[in-house]
Amino acid sequence: TTCGFPGCSNKSMVLGSKDLTHVPLDEQEHPNDHERVHEKTGRRPLSQSPRKKKETDPALMDFELSRDINLQTEVQHQIEILGLKKQALPVWKIWVLGTLSGLWMSIAATFANMAASSIGDGVTKYVPVAPKFVVSIFAPVAMYFIVVFGGEFYSGNCMFLSVGWFKGKLTTIQVLINWIQCFLANSLGCIIGIWMFASLTELFQDEDQIEFLKRNAEAKQHVGMWLSFIRGIPANLMICTSIQMGISARDMQGKLIVLHFPLMMYTVCGFEHALTNMVVVPLGIAYGAQVNIGSWLLTNIIPAAIGNAIGGGLIIGGGGTLLFNWDKGEGNTNEVQHTHSVEKSMLKYNPFSRIRVPTVDKGARNAEQLLSVRASLADTLRKIEEVEQQLLDVELTDEMVNIDSEAVEAAKSELRRRRGGAPSSSSMEPPSTLRSSLHHSQSGAGSHPEGA
């Protein structure tokens, strides 16, 4: 490697802990190199950047940090693949897996509401957030079931399919059809689950518990369209963030931990998740809550679902696509090389629209480079022919001094002979007589400017 001092070209060996007895003393690493002034340049050494050091230091050429998680570029790659797979699922499978996801949500919600409704008024008077906090502890269990089992969940599909849409591999119609099917299947599972596991079983018997359920259900229809929309954005933003971190984790413990806390955050804050409301309101209706179904769907469910799509699809899905595909992922700290064919589609993206600016792929790029080399070679050959023609047009006169006329004539004869015959690979080189004549002319030019 080169010396670390600016302006010095001395070479040194990187030997690590090996014996330095065979290395000259002035080339050995000094313990205070960062304070030492270079004897040739009078300047201090500059520290190399990590990238430059890895390129120049043989000891670091094959060095990589061990890691227990998938890098974000790998996660983004996996999300793209999952989005394409989810869109390609048959309709019956979307409805089956979507209904199962709704059933898991209803079971987890029943469990969470049973625990939260048991908190007495004495506690909620001094700690109003206590019921929400209890719900946030137990409700995320539904996400465990969905992620581990592999259910179809509207909130997650907002992110998965958006990545495929932003990368131009899914159409708008395909994305919307999948979202609508998945949302309806999830809603069907929530309603069936509440009817089977909470209503028919008559789990809630205490008056305070029933009042808790009715109060929550009736409050949802009074949130309003605008607030439902705005609160829906951060709700699914947190859900999709937890899913991304779950994909990043490589063991089950890590997946469960990172899935849990983002869901706790949106639950305690009171953000609006359309599918959670499809559990809360039917549960309250099952125990006597007075809810106008049409008004509730129009002012709460639909705006919240749109906000969920923006939070999970535009912000998380679109933001991740922009961040980790900008300039092919080069320059970010989580850079990683992919060999999957999906990563080999070389596309650039407008950061504010879906307009794609296609560039050449690897094969076309190599062909373009080959054409460029051929064009440069053709230009060089053209210039050589021009010089040869100039040489052939030269008429030797008495005023030309220091010119070997015999060598020039021999070179001209050689050029005429080659032009008259078939070209060969050796024709790229100037004849030896021409080289000697040029060398002789250049050597004489130093003492005879006029002749030169």
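These notebook entries record what I looked up in a predicted model of one protein chain.

**Conventions.** I number residues from 1 along each chain as its sequence is written, and I leave hydrogens and water out of side-chain values, which use heavy atoms. In this predicted model, local features need pLDDT of at least 70 and side-chain atom pairs count only at pLDDT 80 or more, while totals for chains, interfaces and linings use all residues.

**Entry 1: the chain.** I recorded 16 helices and two strands; these are DSSP runs numbered from the N terminus (helices H or I, at least four residues; strands E, at least two). Of the 452 residues, 36% are buried (under 20% relative accessible area, 1.4 Å probe, protein chains only). I then looked up contacts (heavy atoms within 4.5 Å). Among those between residues at least 6 apart in sequence, 77% join residues at least 24 apart.

**Entry 2: H8 and H12.** I took helix H8 as residues 172-199 and helix H12 as residues 274-286; their axes come within 9 Å and cross at roughly 30°. Axes are lines fitted to C-alpha atoms, for helices over the stretch in contact, and angles run from 0 to 180 degrees between N-to-C directions. From H8, the residues that meet H12 include Phe183, Asn186 and Cys190, and their partners include Leu275, Met278 and Leu283. Nonpolar covers Ala, Val, Leu, Ile, Met, Phe, Trp, Tyr, Cys and Pro; charged covers Asp, Glu, Lys and Arg; the others, Gly among them, are polar.

**Entry 3: H2 and H10.** The axes of H2 (residues 72-87) and H10 (residues 225-248) come within 9 Å and cross at roughly 110°. I therefore noted H2 and H10 as roughly perpendicular to each other (65 to 115 degrees). Gln72, Val75, Gln76, Gln78, Ile79 and Leu82 of H2 meet Gln244, Ile247 and Ser248 of H10. This contact has four nonpolar, five polar and no charged residues.

**Entry 4: the cores.** I looked up nonpolar cores (buried Ala, Val, Leu, Ile, Met, Phe, Trp, Tyr and Cys residues joined through side-chain atoms within 4.5 Å). The largest has 60 residues, and Met105 and Tyr154 have the most contacts inside it. H8 supplies the largest share of this core, seven residues. Apart from this core lies another of five residues, among them Leu391 and Val408. Leaving aside neighbours within four places in sequence, Tyr154 is in contact with residues including Trp179, Phe183 and Leu275.

**Entry 5: Asn178.** I located asparagine 178 in helix H8. Asparagine 178 is buried, with a relative accessible area of 3%. Not counting residues up to four places away in sequence, asparagine 178 touches Lys86, Gln87, Ile94, Asn157 and Leu161.

Conventions. Buried means under 20% relative accessible area, exposed over 50%, partly exposed in between (1.4 Å probe, protein chains only). Angles under 35 degrees count as roughly parallel, over 145 as roughly antiparallel, 65 to 115 as roughly perpendicular and the rest as oblique.
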